[in-house]
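Hello,

Here is the structure you were waiting for. My notes on it follow below.

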Amino acid sequence: QKAYADNCRNRTAVSIPSNASCSSYYSDCSSKCSAWKCNSGYEKSGNSCIAAVKIGSYIYSDGSIGNEIIANKTIIAIIVDTSSRLAMSLEIETSKDGTETDTFCKNFTTQGTSSGSWSCPTMNDLQLIYNNKSILNNSLHNAGRPRLNGEDNIDPVYGNNWRYWSSEMTNYGDRRAMLLGDGHITYFNNSWPGYTIPVRKY
């Protein structure tokens, strides 16, 4: 009789899901995987590996989240902040005056979303957008959309320090806003033109 060279006959290799690789093998059977881990850019979800959710990730019209431009999927939003689960639309309205902005956000729709599921950003939302502007601009640019703050189109009046409306009003009837070029928080006459970014929770 001859002894077995290893214990592989008593070991069962684990099933490795897509976007993962073996992280360790049995000590008594080096040919069979005993554990796996998700590849870079993915995170574990049950027995699967899904795209890691991060600032700048895309939300598709089917509700899934990813970090790539996928030919058969429509991007509807970009994640702004993972803690508050805030996402912003790819569609940025550039001609609404303050009196129109609330209605525009309330009625805003995309493929896969309905009116009433979006809102205009609060000042805190705009601060998060400003804080992560570089990452968001990269995602917008990769998706073929104009970047925030006029990085692709310099406005003849506002230059590259555009006024973005919030949903908040002052006690005097002016609308609070942020200049995304320098992050300056201010307010303007509600009848003036400005830029609006619909946002939603994901």
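D62 is exposed, because its relative accessibility is 52% (buried means under 20% relative accessible area, exposed over 50% and partly exposed in between, with a 1.4 Å probe and protein chains only). D62 pairs with K73 in a salt bridge, where the closest N and O atoms are 3.4 Å apart; the term stands for a side-chain nitrogen of Lys or Arg within 4 Å of a carboxyl oxygen of Asp or Glu. K73 sits in the loop between β6 (65-66) and β7 (75-81), and D62 in the loop between β5 (58-60) and β6, so the bridge ties together parts 11 residues apart in sequence. K73 is partly exposed, at 30% relative accessible area.

Before the rest, a note on the source. This is a predicted model, in which local features need pLDDT of at least 70 and side-chain atom pairs count only at pLDDT 80 or more, while totals for chains, interfaces and linings use all residues. Residues are numbered from 1 along each chain as its sequence is written, and side-chain values use heavy atoms, with hydrogens and water left out.

Other salt bridges

The whole structure has five salt bridges. Side chains of opposite charge can pair when their charged atoms come close. (Helices are DSSP runs of H or I with at least four residues, strands are runs of E with at least two, and both are numbered from the N terminus.) R175 is buried at 2% relative accessibility, whereas D102 is partly exposed at 36%. Another bridge is between E168 and R176, at 2.8 Å from N to O. E168 is partly exposed at 24% relative accessible area, and R176 is partly exposed at 30%.

Helix α1

Which residues of helix α1 are buried? In this helix, residues 98-107, they are G98, T101, F104 and C105. They lie on the same side of α1, because they cover an arc of only 95° around the axis (taken from the directions from the helix axis to the C-beta atoms). An α-helix has 3.6 residues a turn, so residues three or four places apart point the same way. T99 and K106 are exposed residues on the face turned away from the buried side of α1.

Disulfides

There are four disulfides, each a pair of cysteine sulfur atoms within 2.5 Å. Counting bonded cysteines along the chain, the pattern is 1-3, 2-4, 5-6, 7-8.

- C105 and C120 are joined with 2.1 Å from S to S. The torsion about their S-S bond is about 100°, so this disulfide is right-handed. The link runs from helix α1 to the loop between α1 and α2 (123-131), 15 residues apart. C105 is buried at 1% relative accessible area, and C120 is buried at 7%.
- C8 and C29 have their sulfur atoms 1.9 Å apart. Their link is right-handed, with 105° about the S-S bond. C8 lies in the segment before β1 (20-26) and C29 in strand β2 (residues 29-38), 21 residues apart. Both C8 and C29 are buried.
- C38 and C49 are bonded at 2.1 Å from S to S. This link is left-handed, with -90° about the S-S bond. C38 is in strand β2 and C49 in strand β4 (residues 48-51), 11 residues apart. C38 is buried at 17% relative accessibility, and C49 is buried at 8%.

Regards
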